[in-house]
Amino acid sequence: MSDSGNDVLNMDGPTFDSDRYLEKLLKESSLKKIMDTEANIVKETQTLHSDMQTLVYENYNKFISATDTIRKMKTDFKKMETEMNLLASNMNSITVFSEQITGTLQDTRQQLSKLSGKHSLLKRLQFLSTLPAKMKTLIEEENYAQAVQDYAHAQKVLEQYGSQPSFQGIQEDCLAIVGEMKERLKRDFQAAGQSAQSLTRTGELLLQLGEKPSDLAKEMLQSANQRLHEQIVMLQDQTDRDMIEFVDLGLDGFLRDLNLVVSSYKDMFLVRMMDQERDDFTETATEDLNVFVQRNMDKYMALVQDRVEAEMGRGDSQVMLRALDRLHRRLLAMGNLCRAVDMTKTGLDIVINAAHQLCKSHFRTLKEHFGDRMSSVRLSLVTTRSDASAPSFSELISNLYFSTVEKVKGVLQDLLVFLQPEWSFNLKNNYKGSLCVDGIRENLLVAFIHHIIEVMMSFCSINSSSPPNLLLILSKTCLEMDQVGIHSLMSLVDDLYEIESENSATLTHESELCAEMRDAAQALLDTYVRVQGLNISQMLRKSVETRDWLNCLEPRSVRAVMKRVVEELNAIEGVLSGLYDAGTRTAASSDSSRKTHFSLSATKQPFRSNWSTYTPSQLESSFASNIHRLFTERIEIFSSVEFSKVSIVTGIIKISLKTLLECVRLRTFSKFGLQQIQVDAHYLQMNLWKFVSDENLVHFLLDEILGSAVHRCLEPILMEPNAVEIICERS
């Protein structure tokens with residue numbers, strides 16, 4: 001079947017023709033198909049019939065309700081039609097009665113209008129006749145606003161009819177009273193102590209009375225300037241109030257009055273068209289206002305700045321910044337009041353300056369704290385000698401290092417209050433503010449690190465009276481700062497303040513500070529080595545200079561000073577063991593070589609002397625030793641040491657033995673004096689090898705000492721090696 005709506009054979013279409021459909025079906029279909037079509041049509045008919053019944057059942061209540069509604073509406077419309085007919089009849093009656101009343105009262109209305117006009121005229125005449133007396137009363141009551149208002153109402157009438165005899169006297173009285181009122185208002189306007197609001201009211205009244213605007217504008221600024229000066233003086237006396245109360249007084253007093261004066265000045269002289277003034281009046285008045293605002297704002301901001309500097313370091317930074325935030329918000333609100341004066345810039349400058357001042361205050365605090373910690377370390381070193389429970393060197397270093405680092409971190413956290421998002425000012429978005437944030441890094445942290453380096457370097461003078469252990473502690477502290485402290489502090493400040501220091505050409509790089517700190521650590525350690533070396537050298541020098549080497553007895557023991565030297569070196573090594581790594585040593589020789597005296601063959605230790613194998617005639621000649629020195633590597637006595645125990649002790653031993661060598665070169669020895677030097681040198685050889693990085697260095701210096709003694713000996717005969725070993729082992 002076709003789906004078109006116009007097909008006559010479509011059973012669902014509006015033009016369906018049953019006869020033609022039946023004719024076509026009988027003609028084209030078989031019997032079976034006709035019977036199937038009949039069954040299908042019967043089935044669809046039954047389905048449609050069932051659907052219709054269901055639809056009727058489902059909507060029965062709706063049909064009943066709609067029927068009731070239609071019946072009720074029909075009844076209501078009939079009632080409404082009756083009421084509308086009654087309303088129309090009443091309106092017609094009202095119209096007729098209104099026309100009758102209007103006609104009756106026409107004459108009376110005209111008479112009432114005339115009487116009302118006469119009454120109004122009489123009231124005006126009465127007002128004019130009583131105006132002088134009323135104005136006097138109001139002036140005596142100081143109700144100037146009402147007096148001016150009453151005069152303004154009558155002014156046009158008096159100007160128009162004042163020449164007539166009946167009004168002339170009233171006009172003259174009013175002019176006299178107005179003149180007196182002007183004098184009073186001017187005195188009030190020029191009087192000191194007037195509030196800005198009162199000054200504005202007085203100026204408005206004078207303008208209404210015809211006062212010249214240019215003169216009045218200057219007088220207004222002069223009077224307002226006196227009032228604002230009184231506010232400044234009052235604020236200067238508020239030293240007992242905290243920062244927030246001080247700022248609130250300024251906001252509610254000075255800035256409120258200034259705001260009111262500027263607004264009133266603009267309304268009175270700049271917004272209005274002053275026809276009686278010259279053309280450049282507005283420009284001149286605006287310039288005068290800008291100068292007035294700038295001068296008074298400078299005074300107030302200078303006062304606030306002085307108070308901020310006075311508060312610096314005394315109170316809580318959060319309280320001070322909360323007060324400055326209130327001030328900055330008020331200045332932002334006043335920004336459109338006088339565009340020629342950048343009030344927000346002035347307020348931000350105060351905040352930036354406060355940050356600089358707080359940085360300086362914290363910098364002084366850091367220096368004082370570091371000085372106190374240094375004094376504490378020195379005091380602890382004094383008590384360590386007498387008190388066994390005193391802190392160790394490691395504890396002293398940790399206390400000095402951690403207390404300094406934690407103090408700096410606390411200061412950086414404290415200054416972070418300037419960058420809190422709740423403030424109305426944003427230092428990072430301002431060029432000067434950004435420089436201020438960088439200044440916190442440079443002028444506080446970097447400057448303090450430089451201060452630490454400077455203090456540390458001040459101990460590096462050889463003439464310094466500082467104890468050697470203090471130099472050692474300071475050197476180790478500098479090393480800790482170089483390895484850990486500087487990196488942690490610089491990373492912290494860059495993270496907290498979002499500073500891009502890596503790509504900046506103006507900011508100090510971390511590596512520069514680490515290099516300077518490491519140089520300070522090296523200088524302190526070298527100074528420690530020199531001081532300890534000189535202390536031991538002093539003992540050796542006195543032991544050589546105070547002894548009579550020409551009248552010595554045959555040696556039976558090692559001199560006490562040599563034992564003291566070994567004890568001092570053991571004590572130094574004990575201190576260094578808890579602070580530094582052991583370090584590296586060259587390959588050591590066998591134990592037998594340390595017990596053998598200087599008579600080893602040249603094949604085992606080429607650099608060693610063979611003084612004991614020489615005959616007396618051979619000892620008289622120094623040719624062999626001179627040849628030996630030519631091919632010996634030069635030893636740097638005062639070279640920098642490494643940060644290791646072995647290197648430090650080696651440096652001390654080099655200085656000590658070099659001093660002993662120079663002292664021996666200046667003395668003359670007998671045979672027994674030479675043998676005593678031989679015994680002492682062998683004792684040192686037996687004990688010093690374990691302290692140094694290369695024992696050959698000790699052998700060489702001791703060889704030089706003994707060789708110099710041989711050259712300075714009148715009878716150069718050495719003691720038998722076995723005897724020397726027995727004496728040293730017994731000692």
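This is a predicted model: local features need pLDDT of at least 70, side-chain atom pairs count only at pLDDT 80 or more; totals for chains, interfaces and linings use all residues.
Residues are numbered from 1 along each chain as its sequence is written, and side-chain values use heavy atoms, with hydrogens and water left out.

**View 1**
Asp414 comes out as partly exposed because its relative accessibility is 26%. For reference, buried means under 20% relative accessible area, exposed means over 50%, and partly exposed is in between (1.4 Å probe, protein chains only). Setting aside residues up to four places away in sequence, Asp414 touches Ser317 and His362, where contact means heavy atoms within 4.5 Å. With His362 there's also a side-chain to side-chain polar contact of 2.8 Å. A polar contact is a pair of N or O atoms within 3.5 Å; within protein, one must be able to donate a hydrogen and the other to accept it, and residues adjacent in sequence count only if both atoms are side-chain atoms.

Look for Gln318 in helix α10, residues 317-333. Its relative accessible area is 22%, so Gln318 is partly exposed. For Gln318 and Leu415, 97 residues apart along the chain, the C-alpha separation is 9.6 Å. Not counting residues up to four places away in sequence, Gln318 touches Val417, Gln420, Glu422 and Trp423.

**View 1. Thr477 inside helix α14.**
Helix α14 covers residues 468-497 and includes Thr477. Is Thr477 buried or exposed? With 3% relative accessibility, Thr477 counts as buried. A polar atom of the Thr477 side chain lies 2.8 Å from the backbone oxygen of Ile473. Beyond its neighbours within four places in sequence, Thr477 is in contact with Ile397, Leu400, Tyr401 and Met456.

A search of the whole structure turns up five aromatic pairs. The ring centres of Phe254 and Tyr300 are 4.9 Å apart and the planes meet at 10 degrees, so this pair is stacked. Rings of Phe, Tyr and Trp (its six-membered ring) pair if their centres lie within 6.5 Å; planes under 30 degrees apart are stacked, over 60 edge-to-face, and the rest tilted. Phe254 belongs to helix α8 (residues 243-271) and Tyr300 to helix α9 (residues 281-311), so the pair ties together parts 46 residues apart in sequence. Phe254 is buried at 0% relative accessible area, and Tyr300 is buried at 0% as well. Gln231, from helix α7 (residues 213-236), is buried at 7% relative accessibility. Not counting residues up to four places away in sequence, Gln231 touches Gly253, Phe254 and Asp257.

**View 2. Phe370 against Phe448.**
How far apart are the ring centres of Phe370 and Phe448? They are 6.2 Å apart with planes at 90 degrees, so the pair is edge-to-face. Phe370 lies in helix α11 (residues 343-386) and Phe448 in helix α13 (residues 431-458), so parts 78 residues apart in sequence are tied together. Phe370 and Phe448 are both buried.

**View 3. The largest nonpolar core.**
This core has 178 residues, and Leu255, Leu324 and Tyr528 touch the most other members. A nonpolar core is a set of buried Ala, Val, Leu, Ile, Met, Phe, Trp, Tyr and Cys residues joined through side-chain atoms within 4.5 Å. Leaving aside neighbours within four places in sequence, Leu255 contacts Gly250, Met297, Tyr300, Leu327, Arg330, Leu331 and Met334.

**View 4. The whole chain, for orientation.**
The chain has 23 helices and zero strands, and 41% of its 731 residues count as buried. Among contacts between residues at least 6 apart in sequence, 78% join residues at least 24 apart.

Conventions
Helices (H or I, at least four residues) and strands (E, at least two) are DSSP runs, numbered from the N terminus.
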